[in-house]
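This report describes the architecture of one protein chain.

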Amino acid sequence: MNKILSGVVLLTAIMFLVTGLRWLVAPAGIVPMFGLTLAEGVGLSSQIGDMSAFFLTLASSILIALISGRRCWYYPPIMLLSFTAVGRVLAWLFHDATLALDLIGPEVVVSIILLVASRRLADKA
């Protein structure tokens, strides 16, 4: 069971890594996945910088957690994904944003998978 869990966690890290790299290399191809359009000027710089950093941090933290076996490395991606999901719900509740269940669902599911992995796969605090 732990091998399957490790494989699922590794797959999520790879997906986040690819997404982060796509933001750096070909942002026009990935913006539609997030319901965005590319901004211009400083806005474009912020989109590319912030989104690539978000996904590359997710991937790096998960990979470090898997390699090191240290539980603490699972917590940053759990927090990033959970805060993102909460932010999306608050955007819907208070700012007339569309309720993006297709984005919130995976964020919640991956957070739960990472929480389980932090308990089952990690050896150290």
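**Basis of the description**

This is a predicted model, in which local features need pLDDT of at least 70, side-chain atom pairs count only at pLDDT 80 or more, and totals for chains, interfaces and linings use all residues. Residues are numbered from 1 along each chain as its sequence is written, and side-chain values use heavy atoms, with hydrogens and water left out.

**Overall fold**

The protein chain contains five helices and zero strands; helices (H or I, at least four residues) and strands (E, at least two) are DSSP runs, numbered from the N terminus. Along the sequence the pattern reads α-α-α-α-α. The radius of gyration of the protein chain is 15 Å, close to the 14 Å that the globule rule gives for 125 residues, so the chain is as compact as a globular protein of that length. That radius is taken over C-alpha atoms, and the globule rule is 2.2 Å times the number of residues to the power 0.38. Taken along the principal axes, the C-alpha atoms fill a box of roughly 45 × 35 × 20 Å.

The accessible surface of the protein chain amounts to about 7,400 Å², and 71% of this belongs to carbon and sulfur atoms. Accessible areas come from the Shrake-Rupley method with a 1.4 Å probe; for residues, only the protein chains shown count as cover. Of the 125 residues, 32% count as buried, where buried means under 20% relative accessible area, exposed over 50%, and partly exposed in between (1.4 Å probe, protein chains only). Among contacts (heavy atoms within 4.5 Å) between residues at least 6 apart in sequence, 65% join residues at least 24 apart.

**The nonpolar core**

A nonpolar core is a set of buried Ala, Val, Leu, Ile, Met, Phe, Trp, Tyr and Cys residues joined through side-chain atoms within 4.5 Å. The largest such core has 23 residues, of which Val-9, Phe-16, Trp-23, Phe-55, Tyr-74 and Leu-114 touch the most other members. Helix 1, helix 3, helix 4 and helix 5 each supply at least two residues of this core, and its largest share, seven residues, comes from helix 3. Leaving aside neighbours within four places in sequence, Trp-23 is in contact with Ile-30, Val-31, Phe-34, Leu-36, Gln-47, Ile-48, Met-51, Ser-52 and Phe-55.

Helix 4 has 21 residues and reaches 28 Å from its first C-alpha to its last, close to the 30 Å expected at 1.5 Å a residue. The expected span of a helix is 1.5 Å times one less than its number of residues. The buried residues of helix 4 are Pro-77, Ile-78, Leu-81, Thr-84 and Ala-85. They cover an arc of only 140° around the axis, which puts them on the same side of helix 4; the arc is that of the directions from the helix axis to the C-beta atoms. On the other side of helix 4, Phe-83, Phe-94 and His-95 are exposed. The buried residues pack against helix 1 (2-25), helix 3 (41-68) and helix 5.

**Individual residues**

| Residue | Relative accessible area | Class |
|---|---|---|
| Asp-96 | 76% | exposed |
| Tyr-75 | 29% | partly exposed |
| Leu-121 | 16% | buried |

Asp-96 lies in the loop between helix 4 (75-95) and helix 5 (101-120). Its phi is near 60°, a positive value in a residue other than glycine.

Tyr-75 has its place in helix 4. Leaving aside neighbours within four places in sequence, Tyr-75 is in contact with Ser-118 and Arg-119. The C-alpha atoms of Tyr-75 and Phe-54, 21 residues apart along the chain, are separated by 14 Å.

Leu-121 is found in the segment after helix 5. With neighbours within four places in sequence left aside, Leu-121 is in contact with Asn-2, Leu-5, Ser-6, Val-9, Leu-66 and Tyr-74. A distance of 8.7 Å separates the C-alpha atoms of Leu-121 and Arg-70, which are 51 residues apart along the chain.
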